[in-house]
Amino acid sequence: MGKKYKILMTTMGLNIGGAETHIVELSKELKKRGYDVMVASNGGVYVDELKEAGIKHFDVPLNTRNIGKMRTSLKLLRKIIIDEKVDIVHSHARIPGFITGILHRSMDFTFVTSAHWVFNTAHGLKYLTNWGQKVVAVSEDIKQYLIDNYHTPEKDIYVTINGIDTDKFSPDVSGEDIIKEFSLNSGSPIVSYVSRMDADRAMVAEQLIDCAERLDREINGIQLLIAGGGNVFDELKAKADGVNKKLGRQCIVMTGARTDINKIVAAGDIFVGVSRAALEAMAAEKPVIVAGNEGYIGIFSEDKLETAQENNFCCRGCEMPNHDMLVRDVVKLLSITDAERKRLGEYGRKVIFDYYSVSKMADDCIMAYDEAYRENHGKRILMSGYYGYNNSGDEAILTTIYNNIQKMDGDLNITVLSRDPEETTAKYGFKNVVSRFDIFKLLSEIKKCDILLSGGGSLLQDTTSTRSLMYYLSIIVWAKIMHKKVMLYANGIGPVSKNANRKIVRRVINKADIITLREEDSKKELISMGVTNKNMYVTADPVFTMEPASRAISKTLLIKAGVPQDKGIIGVSVRNWKNSDDFVEKFAEICDTIHDKFDKNIVFVVMHNPNDTNISKQVMAKMKNCSYILDGSYSPKEIMGMIGEMELILSMRLHTLIFATKQRVPIVGFVYDPKINSYLNLLRMPSGGNVINMDTAKILEEVEEVLLNRDKYVGYLNEMGTELEEKAKMNEEYLKSLL
């Protein structure tokens, strides 16, 4: 988006740790790029580094679940957000995320979090975690953890890396200051280790101390340089002092908390550690043993890259470390040639440049910021229609409107009401889909939206039921009560038979801001009800703007469905009807005659599964000849593409006729609803008559006429199809006027 946001990072503290370093490096990189970055935390050793980079730090006690301190944090953060006019709050731990989540409910800022590790979800702790609008996960396994444990939508998770400053951590950095400060012997091997010295982080540090005597016997003069402070530091320091005393020399150096980690790393010949610390050592071209509290990967090399990346170099899911592993690999690394160690180091630094630069980390976060900010500040459109019912016609309407709106303005936020939100999301990848039956979510979405789009399709009719009609009208009424703009989008109106229903339609539709209708008869129907809305326009069905699947894909799909390519194909699209026994018999007779007389393959096209599948198979069962059915899980584009490979379509369904028109395939329509008759008349296409009284002889005459004079009918479709495609584009123009 290009906007240089004011960003407030919130975290527990800024002492030594991988997540803390991540926050510092990210903040500095964003600052370098022109963003106004601030950090709120309980403080720590990295505060001075932030201030030197021109980044404000606010002292806020975000490091404790103490109720009093949390209330203080709430007040302080609220004041900071208001005073500093913060655009985005980016939280990096559970407590800051929980407090920021409370503020987000009532304040106008964008809320993003980072997941640096997995949390304990027992004893209600799960409910203390707020992941915000978007989550930046530092590994694929953490992304999966968020999906599995918190049901975070995949679309809201951005996977990033622990970005490393390759200038700060470089083979050019010297460790001489550290060697002098701690009186290390530069002529003997030095093993560096860095982590927080907390009970849940320092297992490998303790194991190294325990192994020191064994390592001393294997590697003459070995020195262990262990950096970091925390709640078990004193305990480990006492243990290390005991080992040194026993060996009669300084074998183990415990530095405590440090900010010059790059120099600590530079002082060592090899490095042991996990996560960010391991990556920093790799950037400095040090051979690395990846080991930590959650597992053991061992000496990092090409064959370990995939495993390490899966868990962000944290070893989750790997075997647990033990003393034997550590001794084996430390001895191995210190025993190989300098050239071999150099090759391992150079490979590690290459991995950092390829996958773990600070620039890449910042890019990933900015993507999350942009999307979350756009959701907060972009115009919101709510789409209401017959979506999520596996009806290819209505799904075609949904996907076409959605895609056309996105092309019109990428910053618009679109939410879809669906019978099955999970399936709609999975099929089309839409970002925001909610249940049309969840009254609280529905009202919430209406409240948040700027424009309600009702349509397209035949939503306003009482043939299906009065309940269905009242559902769609109620959504419009709620939107107008909440002062939202309403557009009836390419609707087909009617029939509305009951007088009471016609009066309600008139009252509600007169309040719409813009009405576009897919045919002239729908306009006449509204006028006959007494609708006097002046913003009423005849356009065309949005599906006329949909592009089909390619011919290559379509042919492949037909072959996979078992449809022979040895002769022409006649497509048949039927739906359930009242006098189904008579209807099935007659349709089977028509299909058999076409097969025999014209030597064509009969292929049934399923538009609404399972309804159309059932009736199609009933017809197929009555046929004497072999026929085929397209009942797979096809997208609307794929169905349209396959129809394009056919010579003629016989259809009861409007959108099968529209798909055929778009593909310039002649049609014979069967009338069960006035909209079919209107459409056939508009296109000058033959009618098979009303399905209640089917005249098979007349229908077969119509089929023969079209097959013998196919070019003439293709010409009619070219003429009207082009006009309807242009009219369909006007729906977006009318929507633009509302925006």
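This is a predicted model: local features need pLDDT of at least 70, side-chain atom pairs count only at pLDDT 80 or more; totals for chains, interfaces and linings use all residues.
**View 1. The largest pocket and its lining.** Welcome to the first stop, where the largest pocket holds about 1,300 Å³ of space. Its lining is made up of 34 residues, and those nearest the centre are Pro-153, Lys-155, Asp-156, Lys-431 and Asn-432. To find your way around, look for α14 (358-377), β15 (413-418), α16 (421-428), β16 (432-435) and α17 (439-448), the elements that give two or more residues to this lining. By class, the lining of the largest pocket has 15 polar, ten charged and nine nonpolar residues.

**View 2. The second largest pocket and the helices that line it.** Here the space comes to about 1,000 Å³. Of the 36 lining residues, Ser-458, Gln-461, Thr-464, Arg-575 and Lys-675 lie nearest the centre of the second largest pocket. At least two lining residues come from each of α15 (392-408), α18 (466-481), α23 (611-622), α25 (654-662) and α26 (674-683). The largest share, four residues, belongs to α18. This lining counts 14 polar, twelve nonpolar and ten charged residues.

**View 3. Helix α7 crossing helix α12.** Finally, meet a pair of helices, α7 (residues 203-218) and α12 (residues 323-335), whose axes come within 9 Å and cross at roughly 55 degrees. The two are therefore oblique to each other, and the crossing of α7 past α12 is right-handed. On the α7 side, the contact is made by Val-204, Gln-207, Leu-208, Asp-210, Cys-211, Arg-214, Leu-215 and Glu-218. Facing them from α12 are His-323, Asp-324, Leu-326, Val-327, Val-330 and Val-331. Sorted by class, the residues of this contact are eight nonpolar, four charged and two polar.

Conventions
Residues are numbered from 1 along each chain as its sequence is written. Side-chain values use heavy atoms; hydrogens and water are left out. On a 1 Å grid over the protein atoms alone, a cavity is a set of points where a 1.4 Å probe fits but cannot get out, and a pocket is an open set with protein on both sides within 12 Å along at least five of seven lines; lining residues have an atom within 4 Å of a point. Grid points are joined across faces, edges and corners, and a volume is the space filled by probe spheres set on the points. Ala, Val, Leu, Ile, Met, Phe, Trp, Tyr, Cys and Pro count as nonpolar, Asp, Glu, Lys and Arg as charged, and the others, Gly among them, as polar. Axes are lines fitted to C-alpha atoms, for helices over the stretch in contact, and angles run from 0 to 180 degrees between N-to-C directions. Angles under 35 degrees count as roughly parallel, over 145 as roughly antiparallel, 65 to 115 as roughly perpendicular and the rest as oblique. A crossing is left-handed if the near helix is turned anticlockwise from the far one by less than a right angle, and right-handed if clockwise. Contact means heavy atoms within 4.5 Å.
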